[in-house]
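Subject: Structure handover

Hello,

Here is the structure for your files. My notes on it follow below.

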Amino acid sequence: MAHSIGPRLYSCCNCRNHVGLHDDIISKAFQGRTGRAFLFSHAMNIVVGPKEDRHLLTGLHTVADISCADCNEPLGWKYERAYETSQKYKEGKFIFEKAKIVKEDW
């Protein structure tokens with residue numbers, strides 16, 4: 001059985017473009033549009049769309065949808081601003097929908 005030496009990566013489900021590192025996962029206990037979602041501290045090879053205010057399960061947030069930089073597949077969103085103090089930790093973080101990303105070579 002071959003083991004990868006490099007970092008464990010997550011890729012776009014559509015084109016396999018690398019979009020996140022396993023080590024950047026903050027929580028796997030989030031809910032997205034399509035079901036489970038992961039909160040990441042960083043993302044790569046993505047495009048961030050325009051900001052908009054959205055009412056989510058945890059209150060009002062300013063978010064921007066994110067998509068794959070290669071194929072434009074919608075992947076989740078970026079938290080730009082949280083209006084409630086208890087939600088401020090999400091600011092600048094990324095939600096990847098579990099159904100939209102795949103583990104790459106691990």
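Salt bridges

The count comes to 6 salt bridges, a salt bridge being a side-chain nitrogen of Lys or Arg within 4 Å of a carboxyl oxygen of Asp or Glu. This is a predicted model, in which local features need pLDDT of at least 70, side-chain atom pairs count only at pLDDT 80 or more, and totals for chains, interfaces and linings use all residues. Residues are numbered from 1 along each chain as its sequence is written, and side-chain values use heavy atoms, with hydrogens and water left out.

Arg33, Glu52, Arg54 and Asp65 form a network of salt bridges. Within it, aspartate 65 pairs with arginine 33 at 3.0 Å, N to O. Aspartate 65 is in strand E6 and arginine 33 in the loop between E3 and E4, so the pair ties together parts 32 residues apart in sequence. Strands here are DSSP runs (E, at least two residues), and helices likewise (H or I, at least four), numbered from the N terminus. Arginine 54 also bridges to aspartate 65, with the closest N and O atoms 3.0 Å apart. That pair links strand E5 (residues 46-56), which holds arginine 54, to strand E6, which holds aspartate 65, 11 residues apart.

Arginine 54 is buried at 16% relative accessibility, aspartate 65 is partly exposed at 32%, and arginine 33 is exposed at 54%. The classes are buried under 20% relative accessible area, exposed over 50% and partly exposed in between (1.4 Å probe, protein chains only).

Glutamate 91 is partly exposed at 29%, and lysine 88 is partly exposed at 35%.

Arginine 16 sits in the loop between strand E1 (9-12) and strand E2 (18-21) and is partly exposed at 46%. Asparagine 72 sits in the loop between strand E6 (59-68) and strand E7 (74-82) and is exposed at 52%.

Phenylalanine 30, in strand E3 (residues 25-32), is buried at 12%. Its C-alpha atom is separated by 8.9 Å from that of glutamate 97, 67 residues apart along the chain.

The span of residues 8-105 is 0% helix and 61% strand, and its end C-alpha atoms lie 8 Å apart.

Regards
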